[in-house]
Amino acid sequence: MRIRKAGRQERAFRFLLFSCVPAFLIFLSGSLSAEPVVIGSKKFTESYVLGEIAKRTLNDANIPAEHRQGMGGTIILWQALQGGQIDAYPEYTGTIVQEILKSTDAMAGAVIAEALGKRGIGMTKPLGFNNTYALVMLRRRADPLGIRTISDLRKHPDLKFGLTHEFLDRQDGWSPLVVAYGLSSPNVAGIDHALGYDALRTGQIDVKDAYSTDAKIAQYDLVVLADDQKFFPRYDAVFLYRLSMNEKAIAALRGLEGKISEGTMTRLNAEAERTKDYSQAASLFFDSSPGPDGNSTRLTSRVSRSRGGENLGHKLVRWTTRHLELAGFSLLLSILAGVPLGIWASRGGGIGHLILGFAGVVQTIPSLALLALLVPLPFFGISVRTAIVALFLYGLLPIVRNTATGLQDIPRGLRESAIALGLNPAARLWQIYLPIASRSILAGIKTSAVINIGTATLAALIGAGGLGEPILSGLNLNDHATILQGAIPAAILALLVQWFFDLLDRVLIPKGLRL
Amino acid sequence: MTADPLVQLIGISKTFAGAAAVHEVDISIEHGKTTVLIGPSGCGKSTLLRLIIGLLEPDSGEIRFDGAPLHTGEIDRIRHRIGYVIQEGGLFPHLTARRNVLLMARHLGRAENETVSRLSELCALARFPENLLDRYPLELSGGQRQRVSLMRALMLSPELLLLDEPLGALDPLVRAALQKDLKEIFARLNQTALLITHDLAEAAYLGNKIILMNEGRIVQQGLLTELREKPASEFVTTFINAQRSLAVL
Ligand SMILES: Nc1ncnc2c1ncn2[C@@H]1O[C@H](COP(=O)(O)OP(=O)(O)O)[C@@H](O)[C@H]1O
Ligand SMILES: [Mg+2]
């Protein structure tokens, strides 16, 4: 009788490594299959609401549609649109001219449409409101100083400006405004849009940038400083869409042209910020206006309301499931690539240094920057795929490093005994070296898992969902309760993962090493 | 045929980072004999053993095993014919004593009933209680670990046994017991062995031939009495006296 016994740990290792691969491939193929019309939106309230309105309008026309909320800024949305990850999103004419077409001069609507058309993108006529940039101050701060216009700021060089990063970086933003108004070396800090309102209220800053339909203007009693030099171009809201999108969908979106007034939009924005519920706010538009397709309005608003009214439990399950998918699949990839790379690196030499060096460098790239680097690449774009790849890269270093050091720390006597016995290299690795290094390797995997749970919250930035979704929209609305809906489950998940791996240690680390 | 030595080292040299660890060494290991390598720490004893089992390759010279030069290509087959025991035992901590001993037999697909009876035989030979076989190395004493290590080395009935200070880390009582058992085992099996020690008394007790090394070279080889009475150099006398004065203390 011939006997060949693989150890229990060894079998467990192999099982872990190989059983999950098919599952992962199925997951990938699933994410590539045909999708409904995808509407994107930028990371601020009005864009969310317009996204919801578009989705409902399409549904009214019996076109399946989904809305990826708050995917990021102009560049990310524009690239996603061109790359086909989304089919349409709300944009502003001023932004199109300056940021997308990179023109310094104002352009007529027809000229813009023609330029976009050459890139396969269509544009609706204005939806009916102009949401231009504005500088705002608290009324109780501006009035005593007699500030009414942007020009008046010249007389108060000591005022503190808190401006969004996008405004600071835009071609039609801060730098040319300083020149146009001749402001002298103002005191400026970059700050998140929603947090900026808090800073304004508490007096940490005096002036911030805002949008002219911003709900906060009424809420906080702000003064919009008059643009006396007519510096800001028009920002008429429109929808951009792929010309290849189906004609019915295009017609449905065009049905919104001229339908949303400035007053309506400000009201919808205020409602969205008050209820923290974008579909609810969007439904106000359908209730108050005879929608583009009057007959089905009532039906869709009911449908949307039930979606909007999705209870917290369901939402938590959805976010958590997606979060675990993101962290889990990326961890799996990190293990599949990291352990072999670690084995390779443990042999030292030039390649070993190269591998450890590469993994180390990836770790030093800020997660946001890594996402931004991946998004423009052809295969990636705004997708779950990109999030998983970014998380995979982040998870690599702890696994590679711990595998390499775990193997290198095996005492010389054991290493030489394994060779001197005459075991072949594969048997040495599987039966001797990897089990002895298992504690270190598992510690690396545990570190990656915990890091991934935390970093996966950033996936929401590129529309990949997860527990980052409530954190981002909470941050956007400056609503702590919403932030905690994401932050608390994420923290609990991290603890559970830690606990799970402590259990796994007992199964996978051979008993002889735990004495 | 049996007159030929089992292992021959001919003009073997090995240099580490410019420093010669072993220099122009010639050694013959005779069938059925226990050859002992002795010498101060760092004189190149372990390096010689590593060269024989192919953990290192010589810079120059030739090693012959059973008449044929060692080839890297078939080194594993030669390794199956050699047992190797090191000071700390070299037992794999994640495997029980039993699995350590049976590792190679299983790897080579030996018949289970043969290996099981071989294991009982070895337990008796090495005086290792069978009821401890399912313990992990960390659950055994130093002396027990060395007995298991010896059993592992003997499992495939090797023609040559290499022992690198196998008793070096043991306390004197355990050490004495193991010395006696080793001598018996070598005699019973008519085992060809090459043993490293830094203890002259152990060398004299276990060895048929003593090879004294210093700074990578062989200083003298022969019986202890030859070394004592006809020292080849001042170093031989100094080395022997240093050990003797320790024994007197
Ligand atoms: N892998 C190695 N790399 C560098 N130097 C080594 C290595 N192995 C042994 N040496 C050196 O070679 C010399 C002989 O070592 P060794 O054979 O272990 O001596 P011994 O076993 O007689 O105490 C020592 O000077 C030691 O430092
Ligand atoms: Mg040594």
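1. Starting with the ligand 1 site: the shell residues split into 3 nonpolar, 5 polar and 2 charged. Keep in mind that this is a predicted model. The surrounding residues are Arg412(A) from one chain, plus Phe16(B), Ala21(B), Ser41(B), Gly42(B), Cys43(B), Gly44(B), Lys45(B), Ser46(B) and Thr47(B) from the other.

2. Which helix gives the largest share of the shell around ligand 1? Helix α1 of chain B, residues 45–52, with 3 residues. Lys45(B), Ser46(B) and Thr47(B) are among the residues around the ligand.

3. Now for the polar distances to ligand 1. A backbone N or O atom of Gly42(B) is 2.6 Å from one of the ligand's oxygen atoms, and a backbone N or O atom of Cys43(B) is 3.2 Å from a ligand oxygen. Ser46(B) uses its side chain instead: a polar atom there lies 2.7 Å from an oxygen of ligand 1. On its own, ligand 1 has 560 Å² of accessible area, and the protein covers 61% of that.

4. Over in chain A, have a look at helix α4, residues 93–100. Why is this helix largely enclosed by the rest of the structure? Because 8 of its 8 residues are buried; here that means under 20% relative accessible area. The buried set runs through Thr93(A), Gly94(A), Thr95(A), Ile96(A), Val97(A), Gln98(A), Glu99(A) and Ile100(A), so the list takes in Glu99(A), a residue type that counts as charged.

5. What do the buried residues of α4(A) pack against? On the strand side, there are β1 (37–42), β3 (88–92), β4 (121–123) and β10 (237–242) of chain A. The helices are α3 (74–83) and α5 (109–117), also of chain A. After α4(A) comes Lys102(A), with a positive phi near 50°.

6. On to the nonpolar cores. The largest one has 83 residues, and Ile432(A), Phe92(B), Phe128(B) and Met151(B) are those with the most contacts inside it. Helix α20 of chain A, residues 425–455, supplies the largest share of this core, at 12 residues.

7. Phe128(B) deserves a click in the viewer. Leaving aside residues up to four places away in sequence, Phe128(B) touches Ala97(B), Cys123(B), Leu133(B), Leu140(B), Gln144(B), Arg147(B), Val148(B) and Met151(B).

Conventions
Residues numbered from 1 in each chain as written. Chains lettered and ligands numbered in written order. Predicted model: local features only at pLDDT ≥ 70, side-chain atom pairs only at ≥ 80, totals over all residues. Heavy atoms only, no water. Near = heavy atom within 4 Å. Polar contact = N/O pair within 3.5 Å; in protein donor to acceptor, adjacent residues only side chain to side chain. Areas by Shrake-Rupley, 256 points an atom, 1.4 Å probe, with all protein chains shown as cover. Helix = DSSP H or I, 4+ residues; strand = E, 2+ residues; numbered from the N terminus. Buried < 20%, exposed > 50% of the residue type's maximum accessible area, 1.4 Å probe, protein only. Contact = heavy atoms within 4.5 Å. Core = buried A, V, L, I, M, F, W, Y, C linked by side-chain atoms within 4.5 Å.
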